[in-house]
Amino acid sequence: MKLSTVLILVIFILFSCQTKDNKKKVEKWKEEIIKTETEFSNLSKEEGMNVAFLKYVADDGILLRNNRLIKGRDSIKQYMINNTSKGLSWKPDFVDVSLSGDLAYTYGKYNFVYKDSLGNTKIRKGIFHTVWKRQPDNNWKFVWD
């Protein structure tokens, strides 16, 4: 067998092993994101939107609300201070994670149940999109919502 053939075979085997390892890691990270999204949504329902968003936002996180960007944890804290509603829930329909395991994104459907000014229960449904970034402590925090 020629040296070049052996070399190609070795490279192929090494690449195959690395690809399998990467796929396992990505699947593990996807599970972490789904778990984080679920905990985030559950906290929103249990303790209110303001508590949940402040727990899961990165220091450099951004919210897009009403065609306005709210940049940074401190600004988001001010924006969310009166958003104590427990009527927001969501579930990701899709999740993907970078091969490096430091960025991820999700999207899916949300429901927001609230009372209008007349006391009538209203339901607003929509689509969410969240970008997650792994933090130095290895936890996931959102940087875009």
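Q: Is Lys-122 buried, exposed or partly exposed here?
A: In this predicted model, Lys-122 counts as partly exposed, at 35% relative accessibility.

Q: And which residue does Lys-122 form a salt bridge with?
A: Lys-122 forms a salt bridge with Asp-116, and the closest N and O atoms are 3.9 Å apart; Asp-116 is likewise partly exposed, with a relative accessibility of 21%.

Q: How many salt bridges turn up in the whole structure?
A: A search of the whole structure gives nine, and there is also a network of salt bridges that links Glu-27, Lys-30 and Asp-96.

Q: What about Lys-28 and Glu-32, how far apart are they in helix H1?
A: They are four residues apart in H1, which spans residues 3-47, so about one helical turn separates them, and their side chains meet in a salt bridge at 2.9 Å, N to O.

Q: Switching topic, which residue does Arg-65 meet in a salt bridge?
A: The side chain of Arg-65 meets that of Asp-145 at 2.6 Å, N to O. Because Arg-65 lies in strand E1 and Asp-145 in the segment after E6, this pair ties together parts that are 80 residues apart in sequence.

Q: Is Asp-145 buried or exposed?
A: Asp-145 is buried, with a relative accessible area of 13%, whereas Arg-65 is partly exposed at 21%.

Q: In which sense do E1 and E6 pair?
A: Strand E1 (residues 57-65) and strand E6 (residues 140-144) pair in the parallel sense over two bridges, with Val-57 opposite Phe-142 in E6.

Q: And how many bridges join E5 to E6?
A: Four bridges join them, and these strands run antiparallel; Lys-133 has Lys-141 in E6 as its bridge partner.

Terms used:
Residues numbered from 1 in each chain as written. Predicted model: local features only at pLDDT ≥ 70, side-chain atom pairs only at ≥ 80, totals over all residues. Heavy atoms only, no water. Pairing = 2+ DSSP bridges. Salt bridge = Lys/Arg side-chain N within 4 Å of Asp/Glu carboxyl O. Buried < 20%, exposed > 50% of the residue type's maximum accessible area, 1.4 Å probe, protein only.
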